[in-house]
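I set out to look up a few features of this structure and to record each in turn.

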Amino acid sequence: MSRLRRLLARAAGLTTARRDEARLREEMAEHLALLAAENERAGLPRDEARRQAAVKFGGVEAAKEAWREERRPAWLEATGRDLLRAARRLRAAPGFTAVVVLTLALGIGATTALFSVMDAVMWRSLPVPHPNRLVLLRWQARRPAQTSNFYYFPCAGATGNGGPNPSSCTFSGPMFRAIRRRLRGTARAFAFFPLFRAVITAPAGATVSGGYFVSGGLFSALGITPAAGRLLGPGDDSPGAPPAAVVSYGYWQREWGGSRRAIGQVIKVNGVAATLVGVTPAGFHGLGSGDRAGVWLPLRMIQQLNPRFPGLNDTGAGFLEIGAALNHAAARGAAQARANAAFLSAALAAHVFQRQDGARVALLPAARGLNTAAALMFAPPLEILMAAVALLLLIACANVAGLLLARAPGRQKEIAICLALGAGRGRVAGQLFAESLWLAMGGGLLGLAIGAWGARALAALLTAGSGGAFPVAVSPNPAVLAFAAGVALFCAVLSGLMPAWRASAVAPAPALKLAPGHVARRRQFGLGTGQGLVIAQAALSVLVLAGAGLLVRTLGNLDRVRLGFNPRHLLVVNVDASTARLKGHALAELDEQIRRRLAAIPGVTGATYAQVPLLSGGYMEDSFTRPAYPHAGAVTAPFLGVGPGFFRTMSIPLVAGREFASADVAARRKLAIVNRRFAQRAFGSADPIGQEIHGNGAIWRIVGVTANARYAVLQGRFQPVVYTLAPGEVFNLRCAAAPGAVMPAVRRVIRGASRSVAIAGMMTERQQIAQLLWQQRLLARLSSLFAALALLLAALGLYGLLAFEVARSSRETGIRIALGAEPGAILRRTVARGLALALAGGAVGLSTAAVLTRLLQAHLFGVSALDPVSYAAALALLLLVAAASCYLPARRAAALDPAQVIREE
């Protein structure tokens, strides 16, 4: 029989063991009967005939064993018996089994939940035929692009326009066309630009969604086929082509119920009509992790939706992201050389870069997404949380190992009998390790259920306060199942192998002489293994506690930052007036009309508008010069367009001059108000009132100076800010009481002011600030949760070790009490032993934290990575919990009856 056939036969024999054993007995009995009958025909008596048949056949049991070895390997059969015995032993100890399974399930479940979210956000490939052939282009140079119209969208590895080597993934239209031409034959290049906010108006109503402007070759390069109709092609890029649109499969199902009659209908996107020509496939949601694109438009429609945006022929306007699908994986080097040559030629011709700037292009792997905004947003907190969860898993494994070690001495007699009957140490260790496999399997199955629930809870926590739903569907998949199985096996090996090997090292003769309920004591020098595990748990717990303390203190510091304005009773209303197609003075008049109506609502004490909300992360910046001082340097500062009454409504004190008035809007005056920091930097001790500054495409006359106030972020010092008189789509309302009471009236006023203006969102300023701090709040909450769980596991480990030590030392303790030791002294001695272990672990943990918490420095504010308050609080909390967990075993030791203990001896 060939080796393969023998292997298959053995595998089949595992599933038919009982049936094969019965058939073997029947065949052997039949064979013996035939031999006996042949001997009887030869004239032998019946009994002698059977004896001669048995002698001729040979050993029956030996034949059975040879057959079994041929059908089923002995080691595999022995493993099966070990697993069955281990299952019976665990069933006989339900309390111990439940505690260990729950401990492992907690560690495995937390790890699996976080892995599920990270897989969905950061590691899942785009659902296209050849994702590994996709690349994203990124440029890098020694200085920023020499134009103010170059945008710096976040992309993998990009540094923006700061630092010594700025980089980004944005290119101009002429650059894209030059690169696309040079890449022909090597790769198919395409370009895209995110449509951050799309109001899609269909016959069934209006829907707010995101989308993309894309070049005609994008879908064909990705290899995507439509669910209905056709996708955008090169013909849709032609100047004379009618406006076309492609919608997502989900939008098609919601609005048209999947009817193909939707193809050819006219929809409006931000007020611009386009013909619906196709639907993307069901599994394709966008160009990156977390995308939920509802509509796809040709690149040439960018200016139709936003006339103020730079055109595709503007050589100095870099806003397009460029990707490419390589013809084959080996073409990457040639594609990079060609793309780099085309980019450098176009950049030099447009004077965007100089030759000495060293501008070059790199091709980044894009299998997991071309648009990495979601991954970049969620990656920092997820990576920190993964470190915390890994520590939690190690604590859980150490806890289980400690419980197994504490349980092993009570089974010394059982193990001694096995060894005395001839079982080797490896055989006994294998039987004990089988218990760890069962425990890990139970913990893995329960942990998978906890992980599925925890992944959804974690996704909800990740977006709590961020202003939206989690952008990625988090669901179990083969990768998550394989990860959970791997973690369970890792836990079994880490927590069970060493206790099983140590427990099998029993001397049979002394162990067989033990009285029932007693264990053999071995002289130990230094720390025992169980004590070492408790110290390790305490150290890991302090490490997690110290990190959580730093993040909690950071959040507290951010909450106490001086804002420069009053956020109480302030309502922020975001509106969308894109469908009104208004601009300039017409838009300003509409804003003024809405502002006056909002100010008249009962309970509203002030109303104004701005281009973006304060402390929303929104940020606009430009260089401002002073025409009266042509030789003076420019001042780079953020600017914000605001309306009349802005500073009074926001409670930003006016230091000098006056505020904007409604008459200024009617007269179309170009006015500015600067904060104190800008006045000091631009004018020094001179009076800025009446001075002119040039920036943001106009010359502005300064009419006022305000106190410093936070604009975009909470961290850092106050920035110089220029407030210009300009229309905006964010209304701020100061309310006499809680803003919730005026929200219905606000909706009625805005809907009545213009049918073209829609409310895009409404929240209080405190909720706006909470959105800005959602990442810090998330880190503080989850790290505190994981620290609490780690502390609980460490306390359980310490309790288990001391409980075992008390039970093992009952004879010694009883003798001490009989000789006059006070119960209080016994209690203090037992608690001191536990606290000594916790203190040793705390010292190790703090030493490790002093090194590792430096990795958190980028996420800290107002606190050092070596903050003594956080470290002291972590150690104090550990000692407090350790004292509580030591009290019950210590009390049990102090309450021992010496007479009963000695009588048992």
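The entries below follow those topics in order.

I worked from a predicted model. I searched the whole structure for cavities of 30 Å³ or more and found 7. I then turned to the second largest cavity, which holds about 70 Å³ of space.

Which residues line the second largest cavity? I listed Val534, Gln537, Ala538, Leu791, Ala794, Ala795, Leu798, Ala838, Leu878, Val881 and Ala882.

Helix H24 gives the most, with 4 residues.

**Entry on cysteines.** I looked for disulfides, taking a pair of cysteine sulfur atoms within 2.5 Å as the criterion. The count came to 0. I also looked up two cysteines by accessibility. Cysteine 735 has a relative accessible area of 4% and is therefore buried, since buried means under 20%. Cysteine 886, at 0% relative accessibility, counts as buried too.

**Entry on helix H23.** I examined helix H23, residues 765–772, and found Glu765, Gln768 and Ile769 buried. These residues cover an arc of only 95° around the axis, so they lie on the same side of H23. What do the buried residues of H23 pack against? I recorded strand E12 (570–576) and strand E22 (758–764) as their partners.

Note on methods. Residues are numbered from 1 along each chain as its sequence is written. This is a predicted model: local features need pLDDT of at least 70, side-chain atom pairs count only at pLDDT 80 or more; totals for chains, interfaces and linings use all residues. Side-chain values use heavy atoms; hydrogens and water are left out. On a 1 Å grid over the protein atoms alone, a cavity is a set of points where a 1.4 Å probe fits but cannot get out, and a pocket is an open set with protein on both sides within 12 Å along at least five of seven lines; lining residues have an atom within 4 Å of a point. Grid points are joined across faces, edges and corners, and a volume is the space filled by probe spheres set on the points. Helices (H or I, at least four residues) and strands (E, at least two) are DSSP runs, numbered from the N terminus. Buried means under 20% relative accessible area, exposed over 50%, partly exposed in between (1.4 Å probe, protein chains only). The arc is that of the directions from the helix axis to the C-beta atoms. Contact means heavy atoms within 4.5 Å.
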